[in-house]
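Okay, thanks for having me, everyone. Let me put the model up, and then I'll walk you through the charges, the surface and the confidence.

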Amino acid sequence: LYHTIILFWTMNFPDVTIDDECQLRVLHPEVHDRSTDLAEECQLLVSKVREFQTIMASIHSEMNHLAKDTERQKLKTIGQRVKLEHNSSEDALSREEAMLLSKIEAKTKEMEEFSSYMASLGRAEGEQLAEIEKLDGRGN
C-alpha cells in the first residue's frame, strides 16, 4: 500500500522524487545535490571569510602599533635634531664669542700701546715746551 501511494503520488507529481533515504523530495536529485554542495561551499566560504577577517584585524592592529611606534621614533628624532642644532648653534656662538674676545684683547693691547705712546708724546711735548721756554727766556 505504501509503495502504491508513492507510485501514485510520483505519477501525478513528476517533480516529486524519493531519495536514497526514502524521503520525498520536491527538487530534482541533481538540483538537490547541487544545492547541498553549494550550501557546503557557502559554509566553507563563510569560514574562510571569518578567518580572513581575523587575520586582517590582526594585521590592522599590528599596523596601528607600528604607526604609533614610528610616530614616537619620529618625535624622538626631531627632538634629537633640535638638540643637535641647538648644540651646533651654541658651539658656533662659543667660537664667535672666543673670536670676539680675542679681538677685544688685541684692541685693548693696541689701545694701551697708543695710550703709552700718547703719554710718551705728551712728555716729549712738555720737555720740548720747557726747552722752548728755556731758550726763549735766554734770548730775552
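Before anything else, here's what I mean by a salt bridge: a side-chain nitrogen of Lys or Arg within 4 Å of a carboxyl oxygen of Asp or Glu. With that cut-off, Glu-71 forms a salt bridge with Lys-74, and the closest N and O atoms are 3.5 Å apart.

Some housekeeping. This is a predicted model, so local features need pLDDT of at least 70 and side-chain atom pairs count only at pLDDT 80 or more, while totals for chains, interfaces and linings use all residues. Residues are numbered from 1 along each chain as its sequence is written, and side-chain values use heavy atoms, with hydrogens and water left out.

Now the overall layout. The chain has 2 helices and 2 strands, in the order α-β-β-α along the sequence. Those come from DSSP runs, numbered from the N terminus: H or I with at least four residues for helices, E with at least two for strands.

How far can we trust it? pLDDT, the predictor's confidence in each residue, runs from 0 to 100. The chain averages 85, and 84% of the residues score at least 70. Where pLDDT is low, the predicted coordinates should not be read in detail.

Back to the charges. Side chains of opposite charge can pair when their charged atoms come close.

Glu-71 is partly exposed at 38% relative accessibility, and Lys-74 is partly exposed at 43%. On those words: buried means under 20% relative accessible area, exposed over 50%, and partly exposed in between, with a 1.4 Å probe and protein chains only.

Next, Arg-72 pairs with Asp-69, with closest N and O atoms 3.4 Å apart. Why are Arg-72 and Asp-69 separated by about one helical turn? Because they are 3 residues apart in helix α2, which covers residues 29–138. Asp-69 is partly exposed, at 31% relative accessible area.

Further along, Lys-107 bridges to Glu-110, with closest N and O atoms 3.9 Å apart. Again both lie in helix α2, 3 residues apart. Here Lys-107 counts as exposed, at 56%, while Glu-110 is partly exposed, at 34%.

Buried residues make up 3% of the 140 residues in the chain. The chain exposes about 13,000 Å², with carbon and sulfur atoms supplying 60% of it. Accessible areas come from Shrake-Rupley with a 1.4 Å probe, and for residues only the protein chains shown count as cover.

Then there are patches, made of residues with over 30% relative accessible area and no salt bridge: like charges are joined within 9 Å, and nonpolar side chains (Val, Leu, Ile, Met, Phe, Trp, Tyr) within 5 Å.

The nonpolar one is about 570 Å², made by Phe-52, Ile-55, Met-56, Ile-59, Met-63 and Leu-66. Met-56 lies in helix α2 and is partly exposed at 37%.

The other is a patch of negative charge: Asp-20, Glu-21, Glu-30, Asp-33, Asp-37, Glu-40 and Glu-41. Lys and Arg count as positive and Asp and Glu as negative, with His and the chain ends not counted; the charge is placed at NZ of Lys, CZ of Arg, CG of Asp or CD of Glu. Asp-37 is in helix α2 and is partly exposed, at 40%.
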